[in-house]
Amino acid sequence: MDYILIGVILGIVQGISEWIPISSKTQVLIVSSTLLGLSFSVAYSFGLFMEIGTIAAAIIYFRREISGLLKALVRMSSRREDYLLLKFLVIVTIITGLVGVPLYLFVISLPILGLPMTVLGVVLLIDGIVIYLSRNNYFPRKGLHDLKLRDIIIVGIAQGLAALPGVSRSGMTTSALILLGVKPEEAFKLSFISLIPAALGAIGVTVLFSKHEVSQAVHSVSLSGLLISIVVATFVSIFFINALLRFARTNKVVVLVIILGIIAIISGILSSIA
């Protein structure tokens with residue numbers, strides 16, 4: 001078996017699926033199950049562990065924002081936005097953990113659930129229609145400084161629900177922010193930065209509670225295959241982050257929301273079938 005090729009394939013799948021409304025965990029799960037014959041629990045744990053590459057990509061792409069966050073953490077920043085972003089990430093991450101960890105422990109041995117993504121897709125399509133019909137009255141214009149505590153908690157809950165198999169983290173958080181009235185570019189940016197602490201936590205939980213499954217998955221693909229997949233996922237992720245943010249800047253909000261909705265519905269249906 002060509003573990004290098006498998007590593008490249010898994011890296012591409014992870015690098016693409018992490019940033020659009022399809023569950024990267026599910027896609028890696030399906031591919032690794034097909035190519036390596038892994039069981040559900042092993043493949044699911046491996047899918048979470050694969051996020052190392054996407055974390056690296058987010059850190060590289062948003063290095064300026066992260067630098068500002070670190071300065072805010074030690075109270076050395078002079079920018080209000082750095083402190084607002086730090087507050088946003090802390091609250092979102094705490095809520096994500098409170099929701100996501102119990103869900104992960106509950107679903108680790110269950111079949112894939114695609115219903116949440118299907119429902120989200122329908123909601124997004126309805127939202128796109130509402131935006132189109134009332135462009136003068138309802139149009140996503142909020143920024144980070146406009147988010148209330150309630151809004152941030154909602155985003156944290158949405159991200160926590162991504163612990164469910166078949167549910168996309170970026171799809172949930174980006175959609176939640178857009179539905180709350182946040183500008184698309186800002187919604188993508190906040191969603192992608194939120195990935196970093198959430199994914200680090202997910203990896204920690206995976207290693208802590210699923211050591212045997214992770215060890216078995218790494219052994220199945222080999223250490224070199226795993227490292228190759230992480231590197232490939234990093235480079236593919238950087239490309240997709242840039243492409244999505246550029247598209248979000250076009251202000252084609254209706255098109256963006258409807259596309260996200262359609263992808264979410266398709267992802268939910270395929271996950272249910274798989």
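The model is predicted, so local features need pLDDT of at least 70 and side-chain atom pairs count only at pLDDT 80 or more, while totals for chains, interfaces and linings use all residues. Residues are numbered from 1 along each chain as its sequence is written, and side-chain values use heavy atoms, leaving out hydrogens and water.

**Confidence**
- The protein chain averages a pLDDT (the predictor's confidence in each residue, from 0 to 100) of 82, and 87% of the residues score at least 70.
- Where pLDDT is low, the predicted coordinates should not be read in detail.

**The 187-209 stretch**
- The unreviewed UniProt entry lists several transmembrane regions, including residues 187-209; such annotations may be inferred rather than shown by experiment.
- Residues 187-209 are 100% helix and 0% strand, with end C-alpha atoms 32 Å apart; helices here are DSSP runs (H or I, at least four residues) and strands are E runs of at least two.

**H10 with H12**
- The axes (lines fitted to C-alpha atoms, with angles from 0 to 180 degrees between N-to-C directions) of H10 (residues 184-209) and H12 (residues 223-248) come within 8 Å and cross at roughly 155°.
- That makes H10 roughly antiparallel to H12, a label for angles over 145 degrees.
- In contact (heavy atoms within 4.5 Å), Phe188 and Lys189 are among the H10 residues that meet H12, where Ile241 and Leu244 are among the partners.
- The residues of this contact divide into seven nonpolar, no polar and two charged.

**H9 with H10**
- Helix H9 (residues 169-179) packs on H10 at about 140°, with axes 9 Å apart.
- That makes H9 oblique to H10.
- Arg169 and Leu177 are among the H9 residues in the contact, and Pro184 and Leu195 among those of H10.

Methods. Parallel < 35°, antiparallel > 145°, perpendicular 65-115°, else oblique. Nonpolar A, V, L, I, M, F, W, Y, C, P; charged D, E, K, R; others polar.
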